[in-house]
Amino acid sequence: MSQPHAADDSERIAAQALLLFAPFLVLFAYAGFFKATYFAQDDYIWLCFAKFCDAPALSLLYRDSLAGQFFRPVGQYWWMAVHAVSGDRVEPYQLAYLGTHLVNSVLAGMLIVRLCGRLLGAMTGLFVALNPIFVTPVSWYYLYVFDTLGCTGFLASLLLLVRCIRGGRVGAGLASLACALAAYFTKESYLMLPAAAALVVGIPESGGRWRFAEARRHWRWLAAFSVLAVAAWSWRCWVIGGFGGYGLWTFLTSVQAIEHFGERIVTLTGFTGWSCFPALRRWDASENAQLAATVPLLMALIWLARRSSTGPGPWWCLAWIAATWSPSGLMTTYAAVSFYPCLLGATLLLAQALAPWRHGMLAAVSIAFVYAGHGWFQYADRAPEIAVHRAQHQELRERFPPSEWSQGDQRQLVLMIAHPDLFPDAAVKYAAAPGTSFSSILLYNTSSPTNWVVMDRGELGPVGPLAVSPVFQNGYMEMPPYRSWPLFIAAEDMLAPAEGLTLRFLTWQWSPQKRFVEVPIDKARDALWPPDQRPAEAPPSR
């Protein structure tokens with residue numbers, strides 16, 4: 001009769017011992033985070049939105065504020081709230097962003113404690129907190145707060161749902177639905193929450209494997225979540241005139257469908273391995289060596305996890321990963337952040353593989369130390385690069401203070417050897433309110449994937465931060481009130497000479513002082529387009 005209690009005590013002691021390491025490991029892993037991250041890419045667009053949004057806050061819930069592309073009001077509230085506290089200082093954004101992730105790791109651990117016990121919950125929470133797929137690259141970009149903040153509502157909803165069905169507390173169930181709605185309104189990918197809820201409610205209170213009969217007992221709550229998801233999706237479509245987001249993939253033939261879902265399965269497999277083992281980091285779909293190592297390692301984890309008597313088993317973990325990644329399965333993007341809600345399933349699979357082992361506790365601590373060391377080294381390696389990024393950003397802001405925007409002159413600057421995450425046009429223009437009059441100033445970064453020339457109609461007018469994906473860089477494009485050309489450095493008259501605009505080239509000087517310096521156009525052209533690589537003739541002026 002004393003053996004179950006002894007087992008419970010042993011599990012409790014092991015979980016407490018594991019959690020003793022957690023604060024030190026987290027501090028060690030993220031010590032360099034604040035020097036290794038900065039505003040980048042679309043962060044500038046959201047900074048501009050937060051700074052100059054003059055619409056009533058509640059109107060974001062029923063009004064299209066982003067030109068039919070996104071409907072993510074809760075995430076927009078996050079940007080507005082942090083900006084209200086911090087202005088343009090980066091540190092509060094860093095604290096709020098990293099804090100959201102760490103809260104998610106606590107919620108993940110608490111959920112698994114409820115479902116599987118203390119030891120698996122402690123392992124899962126710690127593995128999520130230090131996860132290598134968050135360290136690189138999710139933590140680099142604050143714009144991913146839509147994913148992390150949505151996951152906060154997602155996990156809180158599931159945790160409250162478990163409390164409701166096991167304690168008979170209707171209030172907790174209603175709070176769970178409210179959190180689900182917040183997740184839906186943070187990012188559209190969390191509309192898959194009803195599938196995750198079905199996985200959670202099917203685990204008996206005594207633990208163990210998922211049972212259909214157990215899930216069926218709670219069909220009313222599952223129906224409520226499904227109805228709420230359909231209502232949220234319908235509301236979203238009504239507000240922005242469509243599904244929005246990055247769009248869904250379409251296919252015309254069965255062969256296309258097989259190819260698409262085959263590629264999606266391969267991508268998902270790579271992300272799963274990456275989330276468990278930092279060495280399996282797969283930056284793009286062409287890296288097959290990591291994928292070849294991932295498959296046998298995941299098979300080993302599945303085989304080991306089958307021995308776990310307290311957990312839901314490896315197939316539940318795989319079902320969780322498939323359910324939470326299903327929205328990305330219908331798209332074509334290769335983004336590691338899409339795996340963020342799947343982390344609970346991947347880390348629980350790893351925890352179940354370790355827990356039954358005699359030395360599983362030691363192995364879990366060792367893996368946590370590896371994760372923490374990975375974070376420390378990754379941030380230390382990235383910090384010098386981000387220091388340059390910060391310096392370039394600050395110099396642009398000093399060169400173009402808001403007071404100079406209405407002078408009426410037209411300048412075109414091409415930045416060479418600039419940081420690829422610096423969207424210079426947006427970096428400068430979020431200092432000026434949209435709708436104000438200022439000069440047509442081109443700021444183009446040759447290292448950035450956003451290779452577009454953007455100017456107004458040759459006269460003073462409203463110009464806001466703008467970034468265009470390389471997918472659309474195939475020729476002249478009208479984007480009222482803008483006119484845009486792909487920048488093609490091949491000749492001095494490459495761009496609209498009739499406009500009377502002057503092109504100037506700035507390159508980043510490393511010594512004796514780190515700053516942008518102007519270079520002659522012939523040197524710039526030779527650097528960007530060596531003579532043996534130039535086209536036969538320059539593109540026609542427009």
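**A residue in a helix**

Author: His389 is found in helix 17 (residues 360-399). Helices (H or I, at least four residues) and strands (E, at least two) are DSSP runs, numbered from the N terminus. This is a predicted model, where local features need pLDDT of at least 70 and side-chain atom pairs count only at pLDDT 80 or more, while totals for chains, interfaces and linings use all residues. Residues are numbered from 1 along each chain as its sequence is written, and side-chain values use heavy atoms, with hydrogens and water left out.

Reader: Is His389 buried or exposed?

Author: His389 is buried, because its relative accessible area is 1%. Buried means under 20% relative accessible area, exposed over 50%, and partly exposed in between (1.4 Å probe, protein chains only).

Reader: What does His389 touch?

Author: Leaving out residues up to four places away in sequence, His389 touches Tyr38, Phe39, Ala40, Tyr44, His419, Asp421 and Leu422. Contact here means heavy atoms within 4.5 Å.

Reader: How much of the chain is buried?

Author: Of its 542 residues, 53% count as buried. The chain has 19 helices and 7 strands. Among contacts between residues at least 6 apart in sequence, 75% join residues at least 24 apart.

Reader: New topic. Where is Leu58, and is it buried or exposed?

Author: Leu58 lies in the loop between helix 3 (43-52) and helix 4 (73-86). Leu58 counts as exposed because its relative accessibility is 61%.

Reader: What should the ends of helix 5 be apart, and what are they?

Author: The 27 residues of helix 5 (residues 90-116) should span 39 Å at 1.5 Å a residue, and the end C-alpha atoms are 39 Å apart, so the two agree. The expected span is 1.5 Å times one less than the number of residues. Just after helix 5, Gly117 takes a positive phi of about 115°.

Reader: Which peptide bond is cis?

Author: The one from Thr136 to Pro137 is cis, with omega near 10°. Pro137 sits in the loop between helix 7 (132-135) and helix 8 (145-167). Most peptide bonds are trans.

Reader: What pLDDT does the chain average?

Author: The chain averages a pLDDT of 80, and 75% of the residues score at least 70. pLDDT is the predictor's confidence in each residue, from 0 to 100.
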